[in-house]
Amino acid sequence: MQVYVLLVLCVLFWSANFVLGRFVAGAIEPWELAFFRWLGVFVVTLPFLLFHGKKIWTALKHHFWILALLSALGIAGFNTLLYIGLQYTTATNALLINSSIPIIILFLSFLILKTPISSRQIVGIVFSTFGVFFLLLKGDMQSIFSLRFNSGDLWVIASSLCWASYSVLVKFRPTALSSFEFFITTVSLGVIMLLPFYMAQDYSLEREVLILCNYAWVIAYVVLVTSILCYYLWHKGIAQIGADKTGQFTHLMPLFGSFLAYIFLDERLEWYHLGGIVFIFGGIYLCLRVKKVTAR
């Protein structure tokens, strides 16, 4: 039960990150936000990196390619592509696309890890996905035909594919590294990967200092909460209940987004929010019940 609570908190904090991404979309460019985020994590974890340097260097020599791949997907790729997509698409479109992550994880888990897919899991994902659509379309399912998609949606699709792939392939991370050692290793590689793209934007020093001063609280949140804390909680979930069941919790994001908008943006809670809650939680419950059924 504890891991479920931690995963709910993880998705809640990530939902706030989604809101922040939209909030700063016109002020901080995607490459800046992604680079500042992971550079901040690198600076915070640098003492630990130096302390565990020998062990990490050994792991890099023996497992460089899998560590580089996981870093490219989970650190350099996922959030950067999402931030780029949020510059061009609507929050509704992005959240609808994001709701495909549990389905992609389930499929990749079956394909790569040979994780069996039960009928209960399929029904659960259908229920929670319907709940996401019901919530975002405000109870009017026919309005899905009036949605307009654009180039930003392609970036969000790529982002979702990155995170789903990362969540499955993290199973192959070097066992010689602890979870935290693995995290700081991939962060270090991710910063190196992002650096040339960031430098290519040719931002002025004055602009970067101004952004860091004006949005220090945003940077602090994405560094300490959505990066360090949430990545720890997400990996804890994958380790304990598997990537397929952990991925199902991403369906809570639009639900939490609605409540955060109610609290911070004075938006109203409507009847369709209740309908979304019923379907989303019902779907997650069915997926989580699989473990109990197969364990008998």
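Leaving aside neighbours within four places in sequence, which residues is E181 in contact with?

1. **E181 and its partners.** This is a predicted model. In it, E181 is in contact with H52, K55, I56 and A176, once its neighbours within four places in sequence are set aside. E181 itself sits in helix α8, which covers residues 179-200.

2. **Burial of E181.** Is E181 buried or exposed? The residue is buried, because its relative accessible area is 4% and the cut-off for burial is under 20%.

3. **Overall build.** The protein has 13 helices and zero strands. Read along the sequence, the pattern is therefore written α-α-α-α-α-α-α-α-α-α-α-α-α. E181 belongs to α8 in that series.

4. The protein has 296 residues, and buried ones make up 52% of them. Take the contacts with a separation of 6 or more: 89% of these join residues 24 or more positions apart.

5. How much space lies in the second largest pocket? The figure is about 610 Å³. Its lining counts 31 residues, and H235, I238, A239, Q240 and G242 are the closest to its centre. Two or more lining residues come from each of α7 (151-169), α8, α10 (216-241), α11 (243-247) and α13 (271-294).

6. Which helix gives the largest share of the lining of the second largest pocket? Helix α10 does, with nine residues. By class, the lining of this pocket divides into 15 nonpolar, 10 polar and six charged residues.

7. Rolling a probe the size of a water molecule over the atoms shows where empty space is left. A search of the whole structure finds two cavities of 30 Å³ or more. The largest cavity has a volume of about 120 Å³. Its lining has 11 residues, and the closest to the centre are W14, F78, L82, N98 and M253. The elements that give two or more residues to this lining are α1 (2-23) and α3 (53-85).

8. **Make-up of the largest cavity.** How many charged residues are in the lining of the largest cavity? There are no charged residues in it; the classes present are seven nonpolar and four polar. The lining of the second largest pocket, by contrast, includes six charged residues.

Definitions and conventions:
Residues are numbered from 1 along each chain as its sequence is written. This is a predicted model: local features need pLDDT of at least 70, side-chain atom pairs count only at pLDDT 80 or more; totals for chains, interfaces and linings use all residues. Side-chain values use heavy atoms; hydrogens and water are left out. Helices (H or I, at least four residues) and strands (E, at least two) are DSSP runs, numbered from the N terminus. Buried means under 20% relative accessible area, exposed over 50%, partly exposed in between (1.4 Å probe, protein chains only). Contact means heavy atoms within 4.5 Å. On a 1 Å grid over the protein atoms alone, a cavity is a set of points where a 1.4 Å probe fits but cannot get out, and a pocket is an open set with protein on both sides within 12 Å along at least five of seven lines; lining residues have an atom within 4 Å of a point. Grid points are joined across faces, edges and corners, and a volume is the space filled by probe spheres set on the points. Ala, Val, Leu, Ile, Met, Phe, Trp, Tyr, Cys and Pro count as nonpolar, Asp, Glu, Lys and Arg as charged, and the others, Gly among them, as polar.
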